[in-house]
Amino acid sequence: MADRLVVLHRGILPHNAAGIESLADTVYATEEELPHLLPGADALLCWHSITPAVEAAWPEDPSSAPNWVHVAAAGVDSLLFPALVDNPRVVLTNSRGVYDRPIAEYVLGLILALAKDFPGTWEHQRRREWRPRDSERIDGRTVLVWGTGPIGRAVARMLRAVGMRVSAVGRTECAEDPDFGTVHAPSGLRPAWQGRTTWCSPLLSRRPPGAWSTRPCARR
């Protein structure tokens, strides 16, 4: 009997669905369908992972839980609930390394879009208007990357390649990091910059005039 795989999605299926289906008896589940389809499955692929649906649908009987849960993203925070973590039968894996370069490209794209006002250009194009205007340069601008993992390092390398000055915030302070140069410890920053609420209003309200903030998507 083929292994049974449940793919959790939000309307967008994996682009290589046919290849996945050739490897296992595959069923696709939305968040609403997951409680009915997850019990008894051999594996769960979280194509959409930032959701409480997996914890809510997790079987009460540990023997009915899937043996393998794979997340199509780097982060697994939403899946670190006790029933999964405490079950020795369950292997939890992620897609570490897959999105390093794509997210770095995405961050550079956002910075260029802001500096060159691409949305304004597209709007003028839509209106068939020719409006020459000034834009900002990005070389020499300072970037602070929050997090020194593989994605943060890929971002730093790409931004340094176009002439930006990059530093980072990480768990361990360092003055000579090969990718960031300087890594600041969170404890050394102002209170508004500390903790996991750094993307909330206190940080954004205190950023320097003319500064931008970008937050890449969790996946792709």
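About how many helical turns separate Phe118 and Trp122 in helix α6? Keep that one in mind; the tour gets there at the end.

Before you click around, note that this is a predicted model: local features need pLDDT of at least 70, side-chain atom pairs count only at pLDDT 80 or more, and totals for chains, interfaces and linings use all residues. Residues are numbered from 1 along each chain as its sequence is written, and side-chain values use heavy atoms, with hydrogens and water left out.

**Stop one: His9.** Select His9, in the loop between β1 (4-8) and α1 (17-21). Helices (H or I, at least four residues) and strands (E, at least two) are DSSP runs, numbered from the N terminus. His9 is in contact (heavy atoms within 4.5 Å) with Tyr28, Ala29, Thr30, Glu31 and His48, leaving aside neighbours within four places in sequence. His9 is buried, at 10% relative accessible area; buried means under 20%, exposed over 50%, partly exposed in between (1.4 Å probe, protein chains only).

**Stop two: the ring pairs.** Rings of Phe, Tyr and Trp (its six-membered ring) pair if their centres lie within 6.5 Å; planes under 30 degrees apart are stacked, over 60 edge-to-face, the rest tilted. That rule gives two aromatic pairs. Select Trp58 and Phe81: with centres 5.5 Å apart and planes at 75 degrees, this pair is edge-to-face. The two residues sit 23 residues apart in the chain.

**Last stop: helix α6.** Now pick Phe118 and Trp122, whose planes at 45 degrees make the pair tilted. They are four residues apart in α6 (residues 118-126), so about one helical turn separates them. Phe118 is partly exposed at 31%, while Trp122 is exposed at 52%.
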